Every structure is written in C-alpha cells, then in structure tokens.
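Dear colleague,

Here is the structure I promised to pass on. My notes on what I found follow below it.

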Amino acid sequence: MASPLIEVKNLKKYFNVGTHQTLKAVDEVNLQIKEGETLGLVGESGCGKSTLGRTIVRLYEPTDGEIIFDGQNITKLNRKKFSKNVQMIFQDPYASLDSRMTVSDIIGEGIDIHNLLKGNERTERISHLLKTVGLLSEHGSRFPHEFSGGQRQRIGIARALAVEPKFIVCDEPISALDVSIQAQVVNLLMKLQKDLGIAYLFIAHDLSMVKHISNNVAVMYLGKIVEMADSRELYENPLHPYTKALLSSIPIPDPKIEKNRKQIPLEKEISSPINPKDMCRFKERCNCSIKKCENEMPMFRDLGGKHMVACHLV
C-alpha cells in the first residue's frame with residue numbers, strides 16, 4: 001500500500017482569546033491524503049475547516065501535533081522549502097490577489113522567491129500557466145480589478161501551480177463564485193489533478209460538489225473530525241448524527257422525492273469553541289444523545305473499511 005503524501009497526527013491549533021480563555025479551533029485532528037487523491041472537508045461555518053487548512057500549509061503554526069509530508073515532519077522543516085511543495089487556493093478571489101501587482105507578477109512571485117526561472121523562460125512559464133487555467137497570455141499585463149470573480153480564481157489557481165506543488169489546500173475555492181462558474185472551476189481542478197497528479201484538501205460547504213470531486217470525505221464539527229470515509233460510503237451510509245443532518249439538507253432534483261423526504265433539523269446554534277467541555281461537542285444539538293455523551297468525549301474509531309466515526313451511539 002502506498003504511503004500517504006500528507007499525514008496529520010493529533011494536530012492542534014489553539015488561540016488565546018482572553019484571560020484563561022482558549023479557542024480550540026483545531027483539536028486533535030488526524031487525517032491522511034495520498035498522492036493524486038482528494039480529501040473533501042465539510043462542516044458548518046466556524047467549525048475550524050479553514051484554520052485546519054491554513055495550519056497544514058503553515059500559515060498558522062500548530063499548537064501541537066505533527067504534519068508529515070512525504071515522510072518528513074514539516075513542523076521542523078524550513079518553511080520556504082516546504083512552501084514549494086504545498087500551496088493554497090483561497091476562498092476570496094478578490095482579497096487574495098494584490099491589486100497593485102499585474103497578473104504576471106502575481107503568478108511569477110513564487111517562481112522568483114524559489115529562484116526557479118528567469119528571463120524568457122519565466123515569461124513562457126507564466127504564459128503557459130495562464131493558458132492552462134483557461135486565460136490568455138496577454139492577460140498577464142492586466143491588474144486583478146479588470147477580471148471577473150471566476151477569472152480571478154483562475155489566476156489564484158495559476159499562482160498555486162507556478163512552483164509545481166504536490167499538494168494544494170483548496171479553501172472553499174468556489175463559494176464566492178456564481179453557480180454557473182463553480183462547475184467550471186471544479187472541472188479545471190479535476191483536470192489539473194489528472195494531468196499533474198496533485199493531491200487536494202478540498203474545503204467546501206456544497207456537499208454535492210464535495211461528493212463529485214472527492215475520493216474521501218471528512219466531516220468536521222467544532223474543531224474535531226467526527227466522521228471520515230470513502231466518498232460513496234459516507235454519502236450512502238452516514239453514521240454520525242451530524243453527518244446525517246448535513247446530508248439530509250442536500251436538495252434532490254425530483255419534486256416527488258423532495259416533497260416526501262424528511263430533513264433532520266439542527267435547531268440550536270453551533271456551540272462556542274472557547275474552553276469546550278470534555279464531552280461530545282455535538283451533544284447540545286443531537287436528538288438522540290445519551291448520558292455518556294455528557295461525561296465522555298467519544299473516541300475516533302475505525303469501524304472497518306476505513307470508515308471512521310466518533311460517536312457513542314455507533
């Protein structure tokens with residue numbers, strides 16, 4: 001069996017937000033991603049998805065735990081050397097591009113930092129990247145404000161590809177785009193993965209799109225992974241009450257089925273991640289919790305077939 005390209009072990013990212021107050025944004029997360037595969041990461045806003053992605057690429061330094069990339073513990077690796085192999089596509093295609101730089105300079109910045117190409121070779125590489133993501137080479141002389149949201153996200157993808165990374169964190173790359181553009185960007189990412197063998201961590205709210213692009217899917221709730229499985233297995237056989245509730249919210253494009261389908265409501269708001277109690281974090285919103293949920297944190301267990309879940313009821 002091939003070794004995972006990236007492996008996260010007991011990763012934690014805590015923030016001090018006041019006297020004796022700790023926000024546990026990422027709390028003992030474990031996951032693996034193989035070369036050329038996509039792990040989809042889903043969950044509500046505020047559950048820690050983006051913080052996990054930013055910690056893996058070391059935009060945030062982890063509080064504890066290990067990030068193993070290609071057999072090396074990257075928490076001890078030179079950040080510049082690591083950044084050549086691991087890149088990120090950001091959620092906001094407007095805020096993530098420097099408005100004072102031309103597109104060529106934005107894409108070429110990574111090439112310059114890592115001293116990869118110069119002169120005509122650099123120019124040709126940028127032109128090739130623009131064409132790869134569906135833009136024209138002459139777009140390189142323009143500024144970000146001259147493009148639409150979908151085009152800006154393509155520029156962000158070209159920037160991530162410039163240093164030929166092996167792994168890219170896609171932090172909700174389609175959530176700020178029109179629905180008509182979302183499928184184009186996802187299809188582009190899938191084509192690039194097929195051609196270049198890149199591994200993705202694909203963070204998103206759109207559960208249907210996650211199913212389409214992902215080999216495996218992890219469900220996150222209040223800083224913890226509560227369920228993880230093969231994409232088809234998780235969508236056909238969800239085990240955690242939170243996963244069931246999320247999947248029940250996906251609309252079905254058949255009026256008869258949709259009319260008779262029962263959605264599982266999540267009535268209460270997501271709890272605060274500041275100083276959480278040592279108990280099941282979903283307990284307050286779960287319709288089938290038991291006494292044990294109040295007193296003990298459920299273990300993240302493999303139930304067979306690499307279907308992992310953290311729930312006392314399973």
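How many of the 314 residues of the chain count as buried? The share is 48%, with buried meaning under 20% relative accessible area (1.4 Å probe, protein chains only), exposed over 50%, and partly exposed in between.

Two cautions before the rest. This is a predicted model, in which local features need pLDDT of at least 70, side-chain atom pairs count only at pLDDT 80 or more, and totals for chains, interfaces and linings use all residues. Residues are numbered from 1 along each chain as its sequence is written, and side-chain values use heavy atoms, with hydrogens and water left out.

**Overall**

The chain holds 11 helices and 12 strands. These are DSSP runs numbered from the N terminus: helices are H or I with at least four residues, strands are E with at least two. The radius of gyration is 21 Å, close to the 20 Å of the globule rule for 314 residues, so the chain is as compact as a globular protein of that length. That radius is taken over C-alpha atoms, and the rule is 2.2 Å times the number of residues to the power 0.38. The C-alpha trace spans about 70 × 50 × 45 Å along its principal axes. Of the contacts (heavy atoms within 4.5 Å) between residues at least 6 apart in sequence, 64% join residues at least 24 apart.

Four strands make an open, antiparallel sheet in the order 2-1-4-5. Strands pair here if DSSP finds at least two bridges between them. Strand 2 (21-33) and strand 5 (72-73) are the edges, each pairing on one side only. Strand 1 (residues 6-18) is joined to strand 4 (residues 64-69) by five bridges. Lys12 has Asp64 as its bridge partner in strand 4.

**Strand 9**

Five of the six residues of strand 9 (residues 216-221) are buried, so the rest of the structure largely encloses this strand. Strand 3 (residues 38-42) pairs with strand 9 in the parallel sense, over four bridges. There, Gly40 stands opposite Val217. Strand 10 (residues 224-230) runs antiparallel to strand 9, with six bridges. Ala218 has Met228 as its bridge partner in strand 10. Two residues lie between strands 9 and 10 in their hairpin, where Leu222 takes a positive phi near 45°.

**Helix 3**

Helix 3 (residues 103-113) has buried residues Val103, Ile106, Ile107, Gly108, Gly110 and Ile111. Their cover includes helix 4 (119-132) and helix 5 (149-161). Just after helix 3, Asn115 has a positive phi of about 55°.

Best wishes
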